[in-house]
Amino acid sequence: MSDKTAITLTINGHDHAIAVEPRRTLVDAIREDCGQTGTHIGCEHGICGACTVIVDGEPVRSCLMFAVQAAGKKIRTVEGLAKDDKLHPMQQAFMDHHGLQCGFCTPGFLMLAVGVLEREPDIGDDDLLDVLSSNLCRCTGYQNIIKAVRAAAKEMRGK
Amino acid sequence: MTTHTKGTGLKWVGRAIRRLEDPALITGQGRFTADLPAVHRVRFVRSSVAAGKIKKIAAPQDAMVITAADLRAVKKITPMLHKFNYKPVGQPVLGEGVVRFVGEPLAAVVAASEAAAEDIADLVDITIDETAPVIDARDALAPGAPQIHAEAPGNVILEGKFKSPEFDTVWKTAAKIIKLEARSHRQNATPMEARAGHAAYDAASGRVTLTCTTQMPHVMRTAIADMLDMREADLRVIAPDVGGGFGQKISLCAEYVVLVWLARKLKSSVAWTEDRRENLIAGFHSRDQYIALEGAFDKDAKLLALRADIATNIGAYSCFPTTCGVEPLMAMAEMPGPYDVKQYECLARGVITNTCTMAPYRGVSRPVITFTLERLMDKAASAFKIDPIDIRRRSLIGKFPYTSAMGLVYDEATYKETLEMAVKAIDVPAFRARQKAARTKGRHLGIGFATFSERTGYGSPAFAARGMEITPGWETVILTVDPSGFVEVRIGSSPHGQGLRTTLAQIIADEIGVTPDIIKVVHGDTDTSPYGWGTFASRSLVISGGATLIAAQKVRAKLIKIASHMLEAAPGDIVLADGAAKVAGTDRSISIAKMAREAYTQTHRFKGEIEPGMTETGTYDPPGTFSNACHVAIVEVDVETGHVTVEKFLVAEDAGRIINPMIADGQVHGGIAQGIGNALLEEIIYDESGGILTANLADYMPPTAHEIPDIELHHIETPSANSITKAKGLGEGGCIGAPAAVINAINDALTPFGVAIDEIPATPQRIRAALRAKEQAA
């Protein structure tokens, strides 16, 4: 099991040349081989969504993808959301609407919501609720997350 | 909502300012335990059987595998209570001789990577001679049940008894006796970050730094140093960003002791990150109780007396430091809840079984006792043919201070007012009309009420009353204005999502006239924070907040003294505001930064009248206070499938002075979501052999955004005389009231069917089973 494959992961525009076992999950590679620990691990079985990152424009559970599957693809994580110290509207909205408490699930929610809204800016409220129910948060009771994402959606559409 | 942390002329307390915690957390810059690199990774090999004798633990060749045989010098985890016939039982950090639950750690594999450690763990060969396990509390109490610990005959680890002197006399006068058999199944707090620990040896100092997901860093240090016979000074414990705890991260984990032992042995760094399966089977459980409750009512449906028989399944061992008394004894002390009932009889037992150890989880016993008591009130209302709201009006406490049957003193609260506020806001007549119309269409709506008290800010006498060897009731805060005029606050509490850095900053800002953005709260590191008890039991804003206010008052007094000196004005004329001391009615002022600098660098100017520096300490140990609330749930039950939808949730609550309304509302929202999960979805299910059937998040189901309705909040602020900030705690209330309100609403919806649901969680299976049984009986 210890044969390693050389791959390059492109995270937030930076290339990381790493060698991983074929069984290495993408989230482990992002965190441990590339040192980007903003992406968190909550369950490792694809339920909680704490590890959600955006791969080639799609939000994915990085615990359910192997690192080797992501080679050559564009990976975006929470560390890449803010540009030149300016927060992404989604980050700002989470602060303004108290959409986080302990902050552990937050990177996953941010990447899920950003990924979906970039793909579908005019998503309806019911569909948005469906999307947000794919991740778990244990602190907030979700109401403020929903408010934050709706506010950010408006902002991202240019009001 | 006010969204900035700078400003002028306004009080900071009471404002919904944005949290100072958030910028790091939303940019991926939070620092959690599992983010740390380590030379060695640890995987625990856990028992797959619930009861038996360990015959063999064999490691693969060349693998480093630690067992109890290596840890002979390590003391057992042996928490202590000095009352209630408590039987101290010890837990070896790795199973020794006997296994007592599925998930008990038996061996620790050390390897270079997590994957390698997992591969080796799969090859560790363990032979256990299985014996018959006891899983359910009632089975464990049955005569002839297998004995799990020799020290606790009959599997009873503690027994609390209480009876009011006049109980029997009053009981006989009752017009009606209402009985209820309530069952709360086992749950897991399920923080999104499971447990993790990282222990690193420093060769230069010989010290070990344990970074871990704890709510109580100082207590972890004391306990682990004791168990390993170390000087506390040689151990530093850090709670970095912690991804939720909800009580689960209070208790000492055996795993952390092993990590510190390994770091010292290997003179290196070792890390363990719990996976979700481990967390669900071995990361502490809660709420597993049977309660038989009887209420005696007079002819006007006023509650006269309560009799409770509480059996709490505490699992295989007792948790440290609270002990397993935390559930049964809290149930006993607080069972009468918000009602004026002077006659009370109670038997509360902690029962040992071959299951995961029980430990505190948000609300501790109160979600269970509130659900039980509020079901009883609804049953009584039905028996008296009066409205559930009306029956509560007749018995809620209205005069304060109120002394309960067991001697608890309730401070000023608004049990009746919050009920009326909720009743008005939900518009009961409109709901009843809608319910009636829906029933004609085969749709079953229900409304449920829960009124309750939430005891918060437990001071050390409250813990001493339980006979606890450790009484974690006080907090210390050290407040420094440094020579740059920046404020640093070192606290013994250990927040992990509660926003305490922000709310403490608001308290200080008002007291010394600065803005919250120049205040940094330092916590979670035994090297840099004063000894304290951490964050749990809705205590931090009351106790750490109180200690913060005391320290800030001292700094304020010192600043005024210095200003008086430097501005040559009477102390009574000095006003602290906008970062400066001003002489009232003049344009003379001096900045706080300048005064702080002088306090360090120009001490000769104060002629020995003012001590050098600008550091003050506050310690607070309050008598305890009671928040209160009324929760209302509106649900729809699909009688064909048993599925319950919570349509609306409304809260009228009183937690005293609200320091930051945004943070307070967030705490209530989160608690309600957990309460709804507890009421409908979440259950750790054991099979007969003691295996767990709910070991992943598809089977153990915390609620998603879909299950949580809009939550409408209404506040009353009754400032508490028992809290110097006037704030009462409110971290647990949401999950205390929600299960009762939801279950009462389900029963209201099912009224036409004549079934009773007295069990949480009220899963579709249970609701259908009750309906099916009724159909078959008809």
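Mentor: In α6(B), the buried residues are Ala254(B), Glu255(B), Tyr256(B), Val257(B), Val258(B), Leu259(B), Val260(B), Trp261(B), Leu262(B) and Ala263(B). Buried means 20 or more other C-beta atoms, placed from the backbone, within 10 Å of the residue's own. That is 10 of 13 residues, so the helix is mostly covered. This is a predicted model: local features need pLDDT of at least 70, side-chain atom pairs count only at pLDDT 80 or more, and totals for chains, interfaces and linings use all residues. Residues are numbered from 1 along each chain as written, with chains lettered from A and ligands numbered from 1 in written order.

Helix α6 of chain B covers residues 254-266. Helices here are DSSP runs of H or I, at least four residues, numbered from the N terminus. At 1.5 Å times one less than the number of residues, α6(B) should span 18 Å, and its end C-alpha atoms are 18 Å apart, which agrees. Just after it, Lys267(B) takes a positive phi of about 50°.

Now the packing. The axes of α8(B) (residues 326-334) and α9(B) (residues 366-384) come within 9 Å and cross at roughly 40°. Axes are lines fitted to C-alpha atoms over the stretch in contact, with angles from 0 to 180 degrees between N-to-C directions. Met330(B), Ala331(B) and Glu334(B) of α8(B) meet Arg366(B), Val368(B) and Ile369(B) of α9(B), where contact means C-beta atoms, placed from the backbone, within 7 Å.

Notes. Helix = DSSP H or I, 4+ residues; strand = E, 2+ residues; numbered from the N terminus. Buried ≥ 20, exposed ≤ 12 C-beta atoms within 10 Å, placed from the backbone. Contact = placed C-beta atoms within 7 Å.
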